[in-house]
Amino acid sequence: MREMVERTPRWLSAEGKFPEMVISSRARVARNLEGFLFPGKLDGKLKKEVLKEVRKAALSLPEFKEALYFEISELSDLDRVFLAERHLISLDLLADGEGKGVIISRDETLSLMINEEDHIRLQAFAPGLNLEEVFEKVLRVEEKLGEMLNYAYREPYGFLTSCPTNTGTGLRLSVLLHLAGIVYSKQLEGLLRNLAKVKVSVRGLYGEGTNVEGNVFQISSLLSLGVSERETLESFRDVVEITLDFEKKSREILLENMKEALEDKIQRSLAILSSARLLSFKETAEYVSAVRLGIGIGKIFDIKVRTLNELLLFSQPAHLQKLFGKEMGPQERDEKRASYVRTKLKAE
Amino acid sequence: MLCENCKIREAKVTLIEVKNGQTKTLHLCPICAEKLSLGLPEKSAAGSESPGEKAEKKSRIEETRELVCSTCGTTFSEFAKKGRFGCPDCYFTFGDKVKEILEEIHGSTLYQGRRYSTDRKVSELLKREKELEEALEKAVREENFEEAARIRDELQKLRENGK
């Protein structure tokens with residue numbers, strides 16, 4: 001894990017389409033093995049058997065060549081949170097329990113959680129708007145795994161999952177969107193109302209039940225029955241496109257009606273990030289969002305989106321502690337965070 | 001084990017009934033289980049009950065009769081409370097109620113995804129893909145880039161046809 005600490009995962013590299021508005025794209029499938037109870041009901045010994053079987057199959061694939069493998073029970077609390085901050089494991093997986101594990105590809109674009117809510121939760125990540133890539137990748141690996149494992153698949157429902165919200169294809173697509181224009185122009189409610197109609201969910205930075213920080217929203221597809229995998233991709237792509245159009249329009253309106261106030265907010269935020277001596281994560285995320293918007297509307301040129309992604313990643317509590325190589329309380333973290341942000345921006 | 005009610009179909013569900021403090025366990029097929037868990041007692045106590053009394057009695061009886069998945073022990077009320085199935089068999093144990101829930105969530109109960117063959121035969125296509133991937137890796141390792149380019153094209157064609 002030590003080598004992961006200083007590295008930025010590829011999905012935060014800001015390489016894809018619209019990296020300032022779309023931080024990353026993700027696809028995941030949920031699968032279970034026939035012949036075992038779902039993890040919620042499975043005893044520890046059998047969970048370990050599932051873990052062993054899935055791990056063996058996954059590690060034989062080229063996609064998981066030289067992959068990292070962690071058993072959750074063997075990780076410290078800090079390491080668990082570190083992986084969750086990188087979105088490689090869910091908050092559900094990080095809780096204590098026997099027989100849980102995660103396999104992570106070298107470039108961190110694939111993660112396979114074992115014995116989370118389902119036996120298998122396979123996820124693919126990509127930077128920017130790149131739903132096609134993550135969609136193809138997750139289904140390709142799922143298919144190969146399915147040749148070696150025996151998935152719980154029965155007519156008339158398709159793939160059977162622990163939660164009925166995933167029954168069928170078990171597929172969910174999601175994007176992390178930066179929607180500062182919509183938030184600043186106070187149109188968030190309107191967006192949420194529209195999105196509720198099209199069967200997608202809107203959540204915070206780390207998914208279900210988490211807060212929105214720095215105007216970053218996770219939008220996910222919801223349906224897995226009555227639609228094919230490709231239909232899910234196409235309709236979700238439309239929803240994302242409409243949301244991005246809404247964001248672009250909101251920015252135009254802001255520029256028309258309150259140009260000075262907006263520019264002031266952006267430059268002030270950059271100034272605070274560049275010189276503050278104490279910064280909480282929440283504050284950092286807010287100022288980073290304003291600077292990010294500044295890049296989006298062509299007011300800031302000398303800072304890369306990738307740098308802002310890194311600021312957000314390493315400002316998180318576990319990342320910060322890993323980066324400085326020691327455990328720190330909230331106060332010390334605020335100090336180190338500010339120092340990290342200052343140094344990073346000075347280097348730009 | 002055969003269903004203790006119809007004695008025709010295989011028993012897959014356990015119905016626990018609590019009456020006057022006595023627990024009775026019945027092993028049933030999903031069809032009889034559905035019928036019995038929702039139905040009124042076979043013998044009505046008296047014909048003089050008001051509709052209100054009848055409804056009250058029905059709800060009381062429903063409360064004490066519970067569907068249990070005999071594979072994992074999950075009861076229907078446990079599923080209703082947590083929203084999680086315990087195993088694949090729960091989907092069929094809880095019968096039409098599962099259909100209703102899926103319909104409510106997805107607006108459909110019809111699976112439209114890719115077919116999955118459960119006989120675990122390695123398809124020729126996937127086997128070939130794996131071979132090619134290994135050959136590609138080898139060619140790159142040996143810096144045989146012409147060969148690598150050829151294999152990459154073949155792989156691409158294979159993946160496109162496989163869709």
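Me: Where does A:Asn215 lie?

Reply: A:Asn215 lies in the loop that connects strand 9 and strand 10 of chain A. Keep in mind throughout that this is a predicted model.

Me: What is the phi of A:Asn215?

Reply: The general idea comes before the case. Most residues other than glycine have a negative phi, and most peptide bonds are trans. A:Asn215 has a positive phi, near 55°, and is not a glycine.

Me: Is A:Asn215 buried or exposed?

Reply: The test is a count of neighbours: a residue is buried if 20 or more other C-beta atoms lie within 10 Å of its own. A:Asn215 is buried because 21 other C-beta atoms lie within 10 Å.

Me: What is the order of the strands in the open sheet?

Reply: The sheet in chain A has 8 strands in the order 2-3-4-5-1-8-10-9, and the pairing is antiparallel. At its edges are strand 2 (68-71) and strand 9 (200-203) of chain A, each of which pairs on one side only. From one strand to the next the twist averages 20°.

Me: How do I check the length of a helix?

Reply: Compare the span of the helix with the span expected at 1.5 Å a residue. Helix 8 of chain A covers residues 229-257, which is 29 residues. From the first C-alpha to the last, helix 8 reaches 42 Å, close to the 42 Å expected.

Me: Which residues of helix 8 of chain A are buried?

Reply: The buried residues of helix 8 of chain A include A:Glu229, A:Leu233, A:Phe236, A:Val240 and A:Leu254. A:Arg251 is also among them.

Me: What does chain B contain?

Reply: Chain B has 7 helices and 3 strands. Along the sequence the pattern is β-β-α-α-β-α-α-α-α-α. Of the 163 residues in chain B, 21% are buried.

Me: How does the length check go for helix 5 of chain B?

Reply: Helix 5 of chain B has 12 residues (95-106), so at 1.5 Å a residue it should span 16 Å; the end C-alpha atoms are 17 Å apart, which agrees.

Me: Which residues of helix 5 of chain B are buried, and which on the other side are exposed?

Reply: B:Val98, B:Leu102, B:Ile105 and B:His106 are the buried ones. Seen down the helix axis, these buried residues fall within an arc of 75°, so they line one face of helix 5. They pack against helix 4 (90-93) of chain B. On the other side, B:Asp96, B:Glu100 and B:Glu104 are exposed. After helix 5 comes B:Gly107, with a positive phi near 70°.

Me: How many residues of chain B are in contact with chain A?

Reply: In chain B, 29 residues are in contact with 34 residues of chain A. Helix 5 and helix 6 (124-141) of chain B each supply at least two residues of the side that touches chain A. Helix 5 gives the most to that side, with 4 residues.

Me: What are the confidence scores of the model?

Reply: The model has ipTM 0.89 and pTM 0.79. In chain B the mean pLDDT is 76, with 71% of residues at 70 or more. The pLDDT is below 50 over residues 39-49 of chain B, a stretch with 3 contacts beyond near neighbours in sequence. Residues 57-63 of chain B also have pLDDT below 50, with 2 such contacts. Where pLDDT is low, the predicted coordinates should not be read in detail.

Technical notes. Residues numbered from 1 in each chain as written. Chains lettered and ligands numbered in written order. Predicted model: local features only at pLDDT ≥ 70, side-chain atom pairs only at ≥ 80, totals over all residues. Expected span 1.5 Å × (residues − 1). Buried ≥ 20, exposed ≤ 12 C-beta atoms within 10 Å, placed from the backbone. Arc of directions from axis to C-beta. Contact = placed C-beta atoms within 7 Å. pLDDT = per-residue confidence, 0-100. Pairing = 2+ DSSP bridges. Axes fitted to C-alpha atoms, helices over the stretch in contact; angles between N-to-C directions.
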